[in-house]
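Visitor: I would like to go through this model with you. Could we begin with the backbone and then turn to the ligand?

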Amino acid sequence: MNRLTLVIGNKNYSSWSLRAWLALKKTGAEFDELLIPLSRPETEAAIKAHSPSGRVPVLKDGDITIWDTLAIAEYLAERFPEAGPWPADAGMRAFARSICAEMHSSFAALRGGMPMNVRARLPGKGRSPEVDADIARVQQIWETCRNRAGEDGPFLFGGFTLADAFYAPVVSRFRTYDVAMSDVCRAYAEAVWAWPDLRDWAAAAAAEPYTIAEEEI
Ligand SMILES: N[C@@H](CCC(=O)N[C@@H](CS)C(=O)NCC(=O)O)C(=O)O
């Protein structure tokens with residue numbers, strides 16, 4: 001079995017990198033991590049040396065290259081099915097895939113208005129009617145999932161799945177920008193924030209020496 005390599009951007013700012021990294025950690029596989037600082041003169045060439053899209057994250061498995069987070073998630077789910085990447089129930093699995101796809105294709109206002117900035121505290125910043133609509137939709141998703149998962153565990157489908165990896169950067173954003181949440185959503189966000197792999201990522205983000213001015217609203 002090849003040793004995997006995950007190419008990522010800054011831990012403080014790169015939300016897509018966080019999703020793929022959490023997904024890979026969940027497999028339990030050993031992997032090498034290559035961090036390319038974003039928004040520097042050498043960034044574009046450095047990423048293109050690994051990624052045909054010029055974006056991170058990128059997963060390398062021997063001579064196989066997988067770029068784009070959804071594709072990475074599905075590749076890992078196929079390669080490590082025993083890690084429980086998706087819910088076991090077919091209906092729940094379809095729901096989980098739908099909300100991951102929705103995260104991947106939507107929430108542009110939230111992404112633009114409230115960029116991920118793991119170590120920052122910017123209460124109340126970044127709001128607009130469009131951002132508020134995205135926030136409401138995220139909380140609707142979380143409530144629907146949590147009300148169904150109940151006592152099976154604290155995450156969207158009980159145990160931690162790829163769906164939680166996809167929504168972890170939103171948990172970080174809600175914390176940074178101090179977004180008001182329902183009790184159900186707050187309990188979920190706290191469970192994700194306490195996930196050991198996310199704690200490790202946040203500690204590394206806090207220790208990073210890089211600041212990207214345009215991500216600091
Ligand atoms: N659809 C892509 C989006 C990836 C993406 O936008 N990555 C950003 C960092 S979070 C990036 O690589 N930006 C390139 C740059 O800043 O030079 C995915 O799901 O992986």
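**Backbone and ligand shell**

Guide: With 20 C-beta neighbours inside 10 Å, Phe 107 counts as buried (buried means 20 or more other C-beta atoms within 10 Å of its own, exposed 12 or fewer, partly exposed in between, with C-beta atoms placed from the backbone). This is a predicted model, in which local features need pLDDT of at least 70, side-chain atom pairs count only at pLDDT 80 or more, and totals for chains, interfaces and linings use all residues. Residues are numbered from 1 along each chain as its sequence is written.

Visitor: Where does Phe 107 lie?

Guide: Phe 107 is in the loop between α4 (90-105) and α5 (108-113); helices (H or I, at least four residues) and strands (E, at least two) are DSSP runs, numbered from the N terminus. Phe 107 is not a glycine, yet its phi is positive, about 60 degrees.

Visitor: And Ser 39, buried or partly exposed?

Guide: Ser 39 counts as partly exposed because it has 15 C-beta neighbours inside 10 Å. Its phi is also positive, near 60 degrees, and it sits in the loop between β2 (31-35) and α2.

Visitor: Which residues does the cis peptide bond join?

Guide: Val 56 and Pro 57, with omega about 10 degrees. Pro 57 belongs to the loop between α2 (43-48) and β3 (58-61).

Visitor: Now the ligand. Which residues come nearest?

Guide: Ser 14, Trp 16, Leu 38, Arg 55 and Thr 69 come nearest, of 15 residues around the ligand (near means a C-beta atom, placed from the backbone, within 6 Å).

Visitor: Which element supplies the largest share of that shell?

Guide: The largest share, 3 residues, comes from α1.
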